[in-house]
Amino acid sequence: FIVRPFLDPIPSLPGLYTSIGFSIFAFMATLHLVPALGPTFVKADLKGRDLLKVYATPIPESLGLVCASVYILALILFIPFAFSDSLSMGSTQTPEGIFVSEFPHSRLSVYLSSLLSLLMATILGFLDDVFDIRWRHKLPIPIIASIPLLMVYFAEGGNTHIVVPLPLRFLLGSLVNLGPLYYLYMSLLSTFATNSINILAGINGSEVSQALIIAISVILNDLLYLPWPIGFHLPVHLLGSKAEVEFGGVWSAGMAYGSKELVERHLFSLYFMLPLVAVCSGFMYHNWYPARAFPGDTLCYVTGMAFAVVGIQAHFSKTLLLFFLPQIFNFVLSCPQLFGLVPCPRHRVPRYVLHHHLTLSLSDRMDGWTRFDADTNLLHPSKAILMKPPSKLAATVLRILSILKLVDLTVHPSGVILETTNLTILNFFLVRLGPMNEKRLVQVLMCCQIGGSVLAFSVRYGLAGLVYDG
Ligand code: UD1
Ligand code: MG
C-alpha cells in the first residue's frame with residue numbers, strides 16, 4: 001500500500017452517513033419485528049415444518065415479507081436524503097423565458113424505478129409463498145419486473161458495448177456493441193438473481209447468508225470507488241489492471257472518464273446495499289440453526305432483485321455475476337432437474353436417513369421427505385428416484401456428472417441407473433466432504449460464498465489485467 005494524501009478538495013458524503021443511520025434502525029426493526037410478528041404469520045397459515053428436525057412445531061414462514069417491508073420503507077424514507085445535495089438547487093431561465101429545474105431528474109428516476117422493481121419482486125415472492133407458483137410461470141415474471149430498470153438504463157444513454165478480451169481483438173476489434181442483446185442479458189440477470197438464491201435453499205440460514213455475503217461483497221466493491229481522505233494504492237497494477245483500483249484515487253487521479261458519475265453510481269449502490277445488509281443480519285439472528293423463522297420465497301426474490309437493480313443501475317453487472325459463483329454452479333448443476341431431464345422431487349434438501357429410507361412410503365420418498373437420524377444427527381445427500389429407466393441423454397449426463405464426482409449414482413447390476421443424488425451444491429458438498437450436520441453444512445456454504453467473493457475480486461481486479469488492457 002502506498003499512502004498518498006489527496007490534493008483535491010474532498011467532497012462530503014452526507015447521504016452515506018444518513019444511510020448508515022437508517023440501516024441501524026432497519027437492523028433493530030427487523031431484529032424486533034420478526035419474532036413479534038411470527039405468531040401472526042402462523043395464524044395466517046404462513047408456516048412450514050422444518051424438514052430437518054424431529055419436532056413438528058410450525059415455524060413461521062415468509063418472514064422475508066417483514067424484511068422486505070422494513071427494507072423498502074427505509075429506502076422510501078431515505079429518498080429526500082439521497083438528494084439532499086440537490087434540494088437547494090434552483091432553476092435556470094432559458095432565453096425563451098422558460099424555467100428549467102436543475103434537479104437531477106435522471107438520478108431520481110433511477111432510484112424510483114429501482115423501488116418499483118423491488119416492490120414487484122416482493123409481490124411475486126409473497127404470491128409464490130402463498131400459492132406455490134409453478135416454475136414455468138414464475139421464471140418470466142422478473143423479466144417483466146426489470147422493464148422499468150431497462151427503460152431507465154436506456155433513457156440514461158446506457159452503454160451496450162462490451163470490451164473485447166485481448167486474445168479476441170484481432171477478430172472483433174476492441175469494443176463490440178451488443179445493442180438489444182445487452183438488454184436481454186440484463187433482463188435475464190434479474191431472473192437469474194431472483195431464482196438462483198431460491199434454489200440454493202432448505203437448510204437453516206442458507207438463503208439469508210448468501211444474500212448477506214453477496215451484499216457485503218458489493219459494498220466492499222463500492223467502497224473502492226469512493227473518494228477517501230487518503231488514497232491507497234493497491235499493487236494490482238503489477239498485473240496491468242485499471243487505475244480505478246486505487247482506493248480513493250477516483251477523484252484525485254484526475255482520470256479521463258466521468259469520475260464524479262462513477263462515485264455517484266457506487267453511492268447509489270451503497271444506499272441500496274447498506275439497509276439490505278441490515279435487514280439480512282437482523283433476520284439471520286432468527287433464521288440461524290435451529291431456525292425460529294423461515295425467509296420464504298419473498299426474501300430470496302427481494303434480495304435477488306436488489307442485486308440485479310444495483311448491478312444494472314450502477315453498471316457493474318459483470319462484477320456482480322462474479323459474486324454469484326456458487327449460485328451459478330448450483331444453477332448449472334440443477335439444470336437437468338429444472339428442465340425435466342431428470343426427475344425433480346419437491347424438496348431437494350439433504351436428508352438424514354441413509355439406509356432406512358425404504359421404510360418411508362414411495363410418495364414421501366418422491367417428495368424428498370426425510371426423517372431425523374437421532375443417532376448421528378448427520379445429513380446425507382438426498383436422492384431422486386428414477387421411476388423408469390432414464391433416456392439416453394439423461395443417462396449420459398448423469399454418468400458424466402458422476403465421473404466428475406458431482407453426484408453419486410445407485411446403479412442396478414444390469415447397468416440401469418436407479419437413483420441419483422439431487423443435483424444441488426448442498427448435496428455436492430455432502431458427496432465430496434461426507435455427511436455433516438446442518439449447522440456445519442451452512443457454514444461450508446458460507447465459506448464457499450466467501451471464497452467465491454475473494455476469487456471474484458482477484459478475477460475482477462487482478463486477472464482482468466491479463467485479458468483486458470487498462
Ligand atoms: C426450493 C428448492 C427445493 C427446496 C426448497 C427449500 C429447487 C428447484 N427447489 O423450492 O428443492 O427443498 O427450496 O426451501 O431447488 N425449509 C426447511 N428449512 C429451512 C428452510 C426451508 O425445512 O431452513 C422447508 C420448510 O418446510 C419450508 C419449505 O422448505 O416450508 C419452503 O420451501 P419453498 O421455499 O416453498 O420451496 P421452493 O422455493 O419451491
Ligand atoms: Mg423457496
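In this predicted model, Pro290 sits in the loop that links α11 (259–287) to α12. The peptide bond between Tyr289 and Pro290 is cis, with omega at about -10 degrees. Most peptide bonds are trans, and most residues other than glycine have a negative phi.

Helix α12 itself (residues 296–313) packs against helix α9 (residues 206–223), their axes coming within 10 Å and crossing at roughly 15 degrees. Because angles under 35 degrees count as roughly parallel, α9 is classed as roughly parallel to α12. The crossing of the two helices, α9 and α12, is left-handed. On the α9 side, the contact is formed by Glu207, Val208, Ala211, Ile214 and Val218, and α12 contributes Leu299, Cys300, Thr303, Phe307 and Val310. Sorted by class, the residues of this contact between α9 and α12 are eight nonpolar, one polar and one charged.

Turning to the ligand, 18 residues surround ligand 1, and the closest of them are Gly48, Leu51, Gly202, His347 and Arg348. The shell around ligand 1 comprises eight nonpolar, five polar and five charged residues.

Asp45 is a residue other than glycine with a positive phi, near 65 degrees. Asp45 belongs to the loop between α1 (14–43) and β2 (47–48), and it counts as exposed because it has 9 C-beta neighbours inside 10 Å. Lys405 likewise has a positive phi without being glycine, with a value near 60 degrees. The loop between α16 (392–403) and β10 (409–411) holds Lys405, and this residue is exposed, with 10 other C-beta atoms within 10 Å.

Helix α17 (residues 425–433) has Ile425, Leu426, Asn427, Phe428 and Leu430 as buried residues. Helix α18 (residues 438–467) includes Lys439.

Methods:
Residues are numbered from 1 along each chain as its sequence is written. Chains are lettered from A and ligands numbered from 1 in the order in which they are written. This is a predicted model: local features need pLDDT of at least 70, side-chain atom pairs count only at pLDDT 80 or more; totals for chains, interfaces and linings use all residues. A residue is near a molecule or strand if its C-beta atom, placed from the backbone, lies within 6 Å of it. Ala, Val, Leu, Ile, Met, Phe, Trp, Tyr, Cys and Pro count as nonpolar, Asp, Glu, Lys and Arg as charged, and the others, Gly among them, as polar. Helices (H or I, at least four residues) and strands (E, at least two) are DSSP runs, numbered from the N terminus. Axes are lines fitted to C-alpha atoms, for helices over the stretch in contact, and angles run from 0 to 180 degrees between N-to-C directions. Angles under 35 degrees count as roughly parallel, over 145 as roughly antiparallel, 65 to 115 as roughly perpendicular and the rest as oblique. A crossing is left-handed if the near helix is turned anticlockwise from the far one by less than a right angle, and right-handed if clockwise. Two residues are in contact if their C-beta atoms, placed from the backbone, lie within 7 Å. A residue is buried if 20 or more other C-beta atoms lie within 10 Å of its own, exposed if 12 or fewer, and partly exposed in between; C-beta atoms are placed from the backbone.
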